[in-house]
Amino acid sequence: MKKHDKTIENFNERLERLKKGKLTLDDFTAEERIELLERNEISQEEFLAHLPKKLQDYWDAISKLLAEKRIFRNIEAAEVLPLNVKGKYPRLNMSRGILMKFKEWGLLETIRIQNHNVYFCALPSFYSLEELLKLVPKEYQKNILELMPERWLKVQELAEMLNINPRFLEEILDAFVEKRWLIKSKSGYRKSVVLEEAGISVESLQGLELVELHNLLIEKQELKGNGTVPQNLVELKEAIQKDIDQKTVKPLRSDVDDDSIRLTFLGEVRFGNQFTDIQLIEWGMKMLRQYMPHYIITSDFIQGDFRGIQVERLRSLTRTGGLYQIETQHKAADILIKELESIAQEKVIYQLSDDDWQVALSRVIIALEQYRNIRKLGATAFWPEEIKRRSGGDYYRLMKIQWEIIQPYMYRIGRSLLNAEETEKVIGDRISELLVIIFILLFEEFNQPIPAKYKKLVDIEALHGDKIDSKRIVTPNPIHLDLPAFDDKKILAQHNIAFSDITQYIDSGFIPESILRHLQASGKKTPYLWVDFHQERFWGTKVFDTFIFNLPGCQNPTLVAEGQIKTFHTKVLSDKAHRQITVRKEPPTPGIVNFEIFKDGRLKIYPLNDKIKSVVEAQKDQPERKDILAYTSDWQLGSITMRPEWGIKFCDYALYTRGGTILILNGDMIQGFHYPRFVSENRPKRLVSVSSQKAFALRILEPLFPAPNLEAIDLLMGNHESEIWGADITGQNNLEFLFFALTELYNQQKKFNALKKYPDIKMWSRIRNPKTAAPGGSTINHPCAARRLSSGFKYVVQHQFYPRGGGRTPLHEQMRWVRNIAKSIADAHILLGGHKHTFWITQVAELIMLQLPGFNDQSAFEFARGLMPESMGCIIEFSNRTGITIELVPIEFLEKYRCISPAYKDIDAQGLLDRPKPGTREYQYGLDSPFIHELEEIIDAEYQEI
């Protein structure tokens with residue numbers, strides 16, 4: 001046996017005796033103790049306890065340096081080690097050799113930091129886990145974690161890969177386990193779900209530590225209570241008011257100071273839905289370029305992909321062009337918003353919708369379980385009830401981030417968030433963009449610099465608000481737009497004023513109208529214009545000083561109404577279009593609505609729909625033809641409610657200033673005589689006989705003719721003419737006096753060839769309806785008028801639609817009439833009605849339906865029933881270039897307007913058409929303007945000598 005082998009055998013025998021306690025370490029040489037350490041037969045502590053004097057001196061110097069510095073470089077060790085050499089470099093070389101020996105013995109470990117080897121103490125528990133991770137660079141931590149495969153890994157395997165002391169490495173790995181970045185078992189270590197979601201990078205590790213810090217902060221706040229607890233009513237009031245102030249929507253302020261401001265409302269586009277009316281949208285963009293709106297207010301541009309929720313709605317998604325994907329839908333929305341930005345003079349405002357909420361909700365539900373693993377970082381206790389409580393808090397926090405930050409951000413940048421694979425292609429880290437944004441928010445909260453690579457991925461400016469150089473405004477909140485130059489009028493746009501699963505599909509106007517009336521009844525100041533996107537129906541009215549509208553969408557589900565679309569099951573009601581057809585029983589008519597608000601009080605409504613589009617497109621190569629229709633009814637001359645001054649001024653404005661080509665007098669021009677107390681009720685006006693009312697009407701209307709541009713005059717009886725006692729028996733037409741008077745007036749003009757054009761004057765009562773089931777049509781005696789205009793449009797007018805039965809509003813009566821008469825009205829574009837003294841508008845079955853007021857004030861009949869008339873005039877402009885424009889002419893405009901017609905110019909200039917002001921004697925006694933009061937005095941009061 002060789003000497004070396006005998007030496008090994010002898011060492012092994014002595015080792016066995018050491019294990020049995022028959023020998024101590026003192027019985028071994030220094031070299032033998034080193035071998036025992038390297039064999040892991042003794043601990044580092046035992047080795048250090050038996051160091052030779054020289055090594056002990058070295059270790060004492062190193063220990064003192066570690067106690068002070070915690071980590072050190074060779075240059076620092078060379079200054080404190082007791083070395084018997086002189087000169088800087090000899091000392092450095094000797095120090096390096098000593099330190100490397102201690103490293104070999106597992107007492108020190110080196111990690112390269114900023115191009116220098118830095119020495120750590122490798123003794124167990126020298127560092128706390130928290131301190132160890134602060135000292136070990138994030139880059140080195142990343143390198144360790146990147147080596148973790150998708151399986152359990154032993155420490156020894158990983159140590160060999162890193163060429164590091166296994167014991168020191170295990171301490172680092174245990175620190176990772178403490179942070180929940182790794183999972184530990186008997187099989188070794190592996191990555192946790194937290195690390196898989198956050199990715200492995202220096203930045204993500206920093207972000208995870210901030211998550212931990214944030215969670216601990218939240219936990220501390222929850223234990224102590226967030227803020228000071230109010231001690232009295234004053235502090236309670238302040239706390240509650242502070243909360244409300246934080247949640248109150250800040251209005252946008254318009255700087256437009258022109259004569260008018262134009263607003264476009266475009267909603268319910270829902271890219272991704274199979275019924276998006278892209279043809280109407282494309283044509284609408286061309287029309288809006290002519291209209292040049294100042295503001296375009298929009299909502300609901302994406303349908304969503306129904307990921308994780310509402311799976312049965314997947315059948316309604318577009319299956320081509322990738323539009324079933326949320327990423328493509330956001331790109332499509334961005335295309336449209338950019339088009340709108342090129343059109344709008346001021347801003348394009350996008351309001352998040354119910355579909356945006358469903359997208360946010362689906363993402364949060366999916367992310368909640370994953371994020372909950374990250375949220376547990378640093379938490380000290382997780383009893384079952386604590387987990388349940390915190391999951392609700394997590395949902396609230398995540399939903400707040402998703403709704404208030406993420407959803408607007410995606411519209412601002414024109415895309416959806418990237419997933420981990422897509423993000424990796426941009427910044428090289430496999431981490432979802434959502435988590436990157438959460439990390440960015442934490443970096444900002446804790447005043448830490450945002451990593452440069454995150455700025456490469458995320459548009460920080462867009463993350464926190466609308467970009468300064470952009471026309472685009474995105475908000476999850478109701479839109480408040482203040483118009484200081486327009487008498488401080490306010491616009492309020494909400495995606496959904498008040499949703500109801502039932503009434504939404506039955507009476508879309510009832511909820512917002514009822515809310516508005518309650519607000520006004522409580523004395524609240526309500527906006528000038530209040531709109532609601534959600535209903536996908538154009539429906540509007542005026543309540544006192546507020547116009548309120550449901551807005552149409554851009555969905556056209558005609559094919560499903562015709563039974564041409566494949567369906568999974570007809571009783572699945574989650575698709576909105578299907579619910580409207582089956583519950584409301586009304587296929588939505590798509591449309592885009594424009595409003596023009598004038599400083600003088602007028603309001604123009606400019607709707608665009610497919611039926612209007614067909615007329616305009618059919619004549620796009622022809623010269624422009626324009627028809628201006630002046631509509632009025634319900635003057636009720638002879639009643640104490642009459643306001644003939646307003647009617648005179650309206651006719652002057654419509655026929656002379658606006659150059660009206662068609663005039664409609666749609667009944668109830670006189671009060672008539674059809675209820676017993678008529679005479680006693682209306683005696684202050686003295687016009688208590690039907691003949692005096694007719695004479696009065698002629699005296700104020702006839703001087704307005706001949707008007708310069710009139711091509712047609714339509715006269716239709718209202719109920720106040722037709723229900724005069726005995727008229728139904730005798731067949732008397734109590735509006736015919738106007739027909740004869742105007743016809744004779746124009747006949748006299750013809751004798752002298754005085755005019756360039758002479759209007760077609762018709763008294764509509766005996767009519768023929770050619771569109772009936774019977775061949776040849778039907779002959780009818782009923783006041784209904786219809787004309788096909790030179791512009792290509794057709795209107796139909798009656799004083800009262802569906803006079804028996806009725807509905808909640810005049811529109812319900814008109815809609816019922818349309819449903820009943822159906823195909824025979826299909827070639828019309830707009831229906832006009834009066835009778836109820838209030839303004840209403842809707843768009844159903846591609847038809848615009850208008851119910852218009854006249855010029856009378858509140859009557860006893862209306863007051864007793866809590867009804868409020870909304871007096872105004874209406875001018876409708878038909879053009880084969882721009883379509884249909886509805887101009888509402890309110891009293892505030894008419895009272896300031898000065899007549900220009902020859903008959904009334906001087907009278908009005910003298911103030912004789914001005915109604916008495918409060919505080920005057922005339923006002924006290926309820927008198928009319930001087931001109932009207934004089935007419936009331938002399939009508940039927942002149943007698944002839946015989």
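Trainee: Is R412 buried or exposed?

Mentor: R412 is buried, with a relative accessible area of 14%. Keep in mind that this is a predicted model.

Trainee: Which side chain does R412 meet in a salt bridge?

Mentor: That would be D466, at 3.0 Å from N to O. D466 counts as partly exposed, because its relative accessibility is 29%.

Trainee: And what about D355 and R270, are they buried or exposed?

Mentor: Both are buried. Their side chains also meet in a salt bridge, 3.7 Å from N to O. This pair links distant parts of the chain, with D355 in helix α16 (residues 354-375) and R270 in the loop between β7 (260-267) and α14 (278-291), 85 residues apart.

Trainee: How far apart are K101 and E104 in helix α6?

Mentor: Three residues, which means about one helical turn within α6 (residues 88-104). K101 is partly exposed at 41% relative accessible area, and E104 is partly exposed at 49%.

Trainee: How many salt bridges does the structure hold?

Mentor: It holds 63. Some share partners, and in that way D600, R602, K626, R658, E877 and E887 are joined into one network.

Trainee: Switching to the core, which residues touch the most other members of the largest one?

Mentor: F265, F549 and I886 do, in a nonpolar core of 202 residues. Helix α19 (residues 433-445) supplies the largest share, ten residues. There is also a second, separate core of 56 residues, which includes I670, V690, L701 and L715.

Trainee: What is F549 in contact with?

Mentor: Leaving aside neighbours within four places in sequence, its contacts include L529, W530, F538, W539, F595, I605, F839 and I841. D532 and G540 are on the list too.

Trainee: Where is there a nonpolar patch on the surface?

Mentor: Look at L233, L236, I240 and I244, which together have about 410 Å² of accessible area. L233 lies in helix α13 (residues 233-247).

Trainee: Why does L233 count as exposed?

Mentor: Because its relative accessibility is 71%, and the cut-off for exposed is over 50%.

Trainee: Last one: which residues of helix α2 are buried?

Mentor: In α2 (residues 30-38) they are E32, R33, I34, L36 and L37. The helix is followed by N40, whose phi is positive, near 65 degrees.

Methods
Residues numbered from 1 in each chain as written. Predicted model: local features only at pLDDT ≥ 70, side-chain atom pairs only at ≥ 80, totals over all residues. Heavy atoms only, no water. Core = buried A, V, L, I, M, F, W, Y, C linked by side-chain atoms within 4.5 Å. Buried < 20%, exposed > 50% of the residue type's maximum accessible area, 1.4 Å probe, protein only. Helix = DSSP H or I, 4+ residues; strand = E, 2+ residues; numbered from the N terminus. Contact = heavy atoms within 4.5 Å. Patch = residues over 30% accessible without salt bridge, like charges linked within 9 Å, V, L, I, M, F, W, Y side chains within 5 Å. Areas by Shrake-Rupley, 256 points an atom, 1.4 Å probe, with all protein chains shown as cover. Salt bridge = Lys/Arg side-chain N within 4 Å of Asp/Glu carboxyl O.
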